[in-house]
Amino acid sequence: MGHVKDLWMKRDPETGKKVRSARYGRGKRWLARWIAPNGEEDTQAFALKDEALLHISAMETSKAAGTYIDPRVARQTFQEYAERWRADQLHHRKASAVGAELALRVHVYPVIGGVPIGSITRGQVQLVVNTFSKVLAPTTCEVTYGYMATVFRSAVLDRVIERSPCVRINLPEVVKKKVTPLLLEQVTAIYDHMPGRYKNAVEVAAASGLRQGELFGLTVDRLDGACDDLTLVIDRQRDEASTWKPPKTKAGDRKVRLGLHGSRAIWRQLNAYGESRYGHVFATARGSSVSRTLAGDLWRDAADGLGLWERSGWHDLRHYHASKLIRLGLSVTAIADRLGHSDQKETYETYLHLWPDDSERAVIATDMAMAELAFGQAA
């Protein structure tokens, strides 16, 4: 059983009376002392004796319940623990690892990096969010907060802290803009203004709904099926540095049946320009892969003067493709599978406003049913 020591007073060995110690009036007065599960003594100072006694009681209870947390471990700073957490994230993609490092270093460490992780409160977490929300967009705030919250969850699992302070944290509201699909005339105009080497990429994107990295990462060895009925095997994509990386999600690893027009666009491309030295279907004149920067430049030049939104790009052909599938009556499940969405919820939330309104059909059906009854009509 633990006990409490008075750091300000001591007993005089000659008189037996209590006298002031050398620490009198400095620091916290009461030192809680108890034996940890490993047999070593742990201590923690408190301003009030009752606080020290309650802490000892809590330590004894946690030992009995098997939930004991070493206070010395909890005294490490948030940054010290978070840096070890980052080093252990072997599953993170390079872009995710870079994003986590940047978010923590720039937006979290300056506020709570030097604070012992075991003493961080919900209010301090909210302060961090309030601070970076002044300079970050709402969606980026969500991502940055997600990294911080994940560090705390990991600390709970590692028995560094008892519970996460990330509870009921208020984040900036994310107002998601509704997708506005391109019109047929706009897709046609972009195709017409696109340089000849990349025209077929516009048609394939519109026919398949591929992401930009999937489109320009497509290689000949990922083409399967008959000439006019190709299936695209999507199991990788090109990233910002034009290197290979896995699909965006596990569901992104899929096969996309292209159809007649998309298949013919692939063969027109290969017949006219051949595959690149790396096997790419779409490549530059020098045979190198199409980088994100080049793809963006190509799109902006082709879309110039068409009155499109400021941040339009190749991804809008993906939205165009999805809108056509919705118009043809495909289910949410079928569209999610074709687009490689992580779940149907993502598809539904992104394109909900594009699904046809059934109210008009409901009125027509009701009128037909009521006409059969012929209420109020002469016999």
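**View 1. Pairing of strands S7 and S10.** Strands S7 and S10 run antiparallel and are joined by four bridges; strands are DSSP runs of E with at least two residues, numbered from the N terminus, and two of them pair if DSSP finds at least two bridges between them. Arg257 in S10 is the bridge partner of Thr231. The model is predicted, with local features requiring pLDDT of at least 70 and side-chain atom pairs counting only at pLDDT 80 or more, whereas totals for chains, interfaces and linings use all residues. Residues are numbered from 1 along each chain as its sequence is written, and side-chain values use heavy atoms, without hydrogens and water.

**View 2. Hairpin of strands S6 and S7.** Two residues lie between S6 and S7, which form a hairpin. Strand S6 (residues 223–226) and strand S7 (residues 229–234) are antiparallel and share four bridges. Leu223 stands opposite Leu232 in S7.

**View 3. The open sheet.** Three strands in the order S6-S7-S10 make up an open sheet with antiparallel pairing. S6 and strand S10 (254–257) are its edge strands, each pairing on one side only.

**View 4. Crossing of helices H8 and H12.** The axes of helix H8 (residues 196–208) and helix H12 (residues 315–327) come within 7 Å and cross at roughly 40°. Helices are DSSP runs of H or I with at least four residues; axes are lines fitted to C-alpha atoms, for helices over the stretch in contact, and angles run from 0 to 180 degrees between N-to-C directions. Contact (heavy atoms within 4.5 Å) is made by Val202, Ala205, Ala206, Ala207 and Ser208 of H8 and by Leu317, Tyr320 and His321 of H12.
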